[in-house]
Amino acid sequence: MLKKRIIPKFLIRQGRLVKGVRFHENFREAGNPVSTAKVYDAYGVDELLFVDIDATPQGRPAVGSIIERVSEEVFMPFTVGGGIRTLDQIAVLLASGADKVCITTAAIEDPGFVTRAASRFGDQCIVVGIDYQRQPDGSLRVVSRCGTQPTEIDPVTWAQRMQDAHAGEIMLCSIDRDGTMQGYDVDLIAQVSERLEVPLIASSGAGTLQHCRDALEAGASAITISSMFLFSDHSPIKVRSYLSTNGVSVRAQKGSQS
């Protein structure tokens with residue numbers, strides 16, 4: 001059985017690490033992304049996720065210069081997302097040191113792009129992000145363009161379609177839970193994981209150690225954590241130790257602070 005992964009999530013705005021709530025509320029600056037990445041590298045986390053949240057609104061790809069600096073300082077796999085729309089942009093990010101890219105809005109606007117990207121760079125390099133939100137009628141719908149453009153797409157159906165398009169991983173991100181630290185959307189995680197063969201990454205909502213366990217036991221292959229690491233005393237070491245003690249199969253601790 002594949003071991004579960006712990007992935008710190010970095011949101012980058014104007015070159016700085018930030019964190020908000022529900023994508024657009026209460027942004028707080030949280031430091032330098034490169035130095036913070038070095039700390040997590042020392043903790044021995046499994047991967048890192050960087051999302052340039054200015055990229056899509058500004059009509060540009062994620063900033064490669066930050067990625068180059070991170071790749072010089074850390075020795076773990078990391079994924080980069082934000083504004084990716086062309087194969088050439090993916091090539092630049094991978095050449096800058098990224099191991100994977102996360103495609104979200106472009107997958108909705110041009111689903112064939114995911115297939116072309118997987119064909120050129122390999123399925124293992126392509127993560128499709130699914131941002132979704134609960135609607136007034138209670139239904140869940142995918143939202144594009146950094147949570148500003150509603151669609152009529154059901155997230156479960158979309159996850160299956162993106163798997164069929166050869167995405168190597170799917171990442172579910174609940175806009176309603178983002179930054180709230182009130183727990184992952186375990187119901188949807190369970191629904192989607194039952195229908196996928198590729199790994200599922202659960203994002204948005206981690207606030208306690210139990211939340212992390214809940215998401216993984218619901219079927220997620222990995223969890224991303226942002227606010228809980230930045231604004232509480234929980235560290236990757238605590239999360240890994242708790243999960244291991246409670247029967248969740250996680251990778252052995254590595255890094256200089258293990």
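**Exercise 1.** Describe how helix 6 passes helix 7 in this predicted model.

*Solution.* 
Step 1. Begin with the general idea: a pair of packed helices is described by the angle between their axes and the distance between those axes.
Step 2. Find the two elements: helix 6 covers residues 155-164 and helix 7 covers residues 186-195, and their axes come within 10 Å.
Step 3. Read the angle, which is roughly 30°. Angles under 35 degrees count as roughly parallel, so helix 6 and helix 7 are roughly parallel to each other.
Step 4. Helix 6 brings Pro155, Val156, Ala159, Gln160 and Gln163, while helix 7 brings Leu188, Gln191, Val192 and Arg195.
Step 5. Sort the residues of this contact by class: 5 are nonpolar, 3 are polar and 1 is charged.

**Exercise 2.** Work out whether helix 3 is parallel or oblique to helix 5, and name the residues in their contact.

*Solution.* 
Step 1. Helix 3 (residues 87-96) and helix 5 (residues 112-121) have axes 10 Å apart, and the angle between them is about 45°.
Step 2. That angle makes helix 3 oblique to helix 5.
Step 3. The crossing of these two helices is right-handed.
Step 4. On the side of helix 3, the contact uses Leu87, Asp88, Ile90, Ala91 and Leu94; on the side of helix 5, Phe113, Arg116, Ala117, Arg120 and Phe121.
Step 5. By class, the contact of helix 3 with helix 5 holds 7 nonpolar residues, no polar ones and 3 charged ones.

**Exercise 3.** Describe the largest pocket and what lines it.

*Solution.* 
Step 1. Rolling a probe the size of a water molecule over the atoms shows where empty space is left.
Step 2. The largest pocket holds about 540 Å³ of space.
Step 3. It is lined by 32 residues, and Phe23, Val51, Ile53, Asp131 and Cys146 are the closest to its centre.
Step 4. Several elements each give at least two lining residues, among them strand 2 (16-21), helix 4 (105-109) and strand 7 (126-134). Strand 1 gives the most, with 3 residues.
Step 5. The lining of the largest pocket divides into 13 nonpolar, 10 polar and 9 charged residues.

**Exercise 4.** How many cavities of 30 Å³ or more does the structure hold, and which residues lie nearest the centre of the largest cavity?

*Solution.* 
Step 1. There are 5 such cavities.
Step 2. The volume of the largest cavity is about 110 Å³.
Step 3. Of its 15 lining residues, Lys19, Ser204, Gly205, Ser226 and Ser227 lie nearest the centre.
Step 4. Strand 12 (222-225) and helix 9 (227-231) each supply at least two residues of this lining.
Step 5. By class, the largest cavity is lined by 4 nonpolar, 8 polar and 3 charged residues.

Notes:
Residues are numbered from 1 along each chain as its sequence is written. This is a predicted model: local features need pLDDT of at least 70, side-chain atom pairs count only at pLDDT 80 or more; totals for chains, interfaces and linings use all residues. Side-chain values use heavy atoms; hydrogens and water are left out. On a 1 Å grid over the protein atoms alone, a cavity is a set of points where a 1.4 Å probe fits but cannot get out, and a pocket is an open set with protein on both sides within 12 Å along at least five of seven lines; lining residues have an atom within 4 Å of a point. Grid points are joined across faces, edges and corners, and a volume is the space filled by probe spheres set on the points. Helices (H or I, at least four residues) and strands (E, at least two) are DSSP runs, numbered from the N terminus. Ala, Val, Leu, Ile, Met, Phe, Trp, Tyr, Cys and Pro count as nonpolar, Asp, Glu, Lys and Arg as charged, and the others, Gly among them, as polar. Axes are lines fitted to C-alpha atoms, for helices over the stretch in contact, and angles run from 0 to 180 degrees between N-to-C directions. Angles under 35 degrees count as roughly parallel, over 145 as roughly antiparallel, 65 to 115 as roughly perpendicular and the rest as oblique. A crossing is left-handed if the near helix is turned anticlockwise from the far one by less than a right angle, and right-handed if clockwise. Contact means heavy atoms within 4.5 Å.
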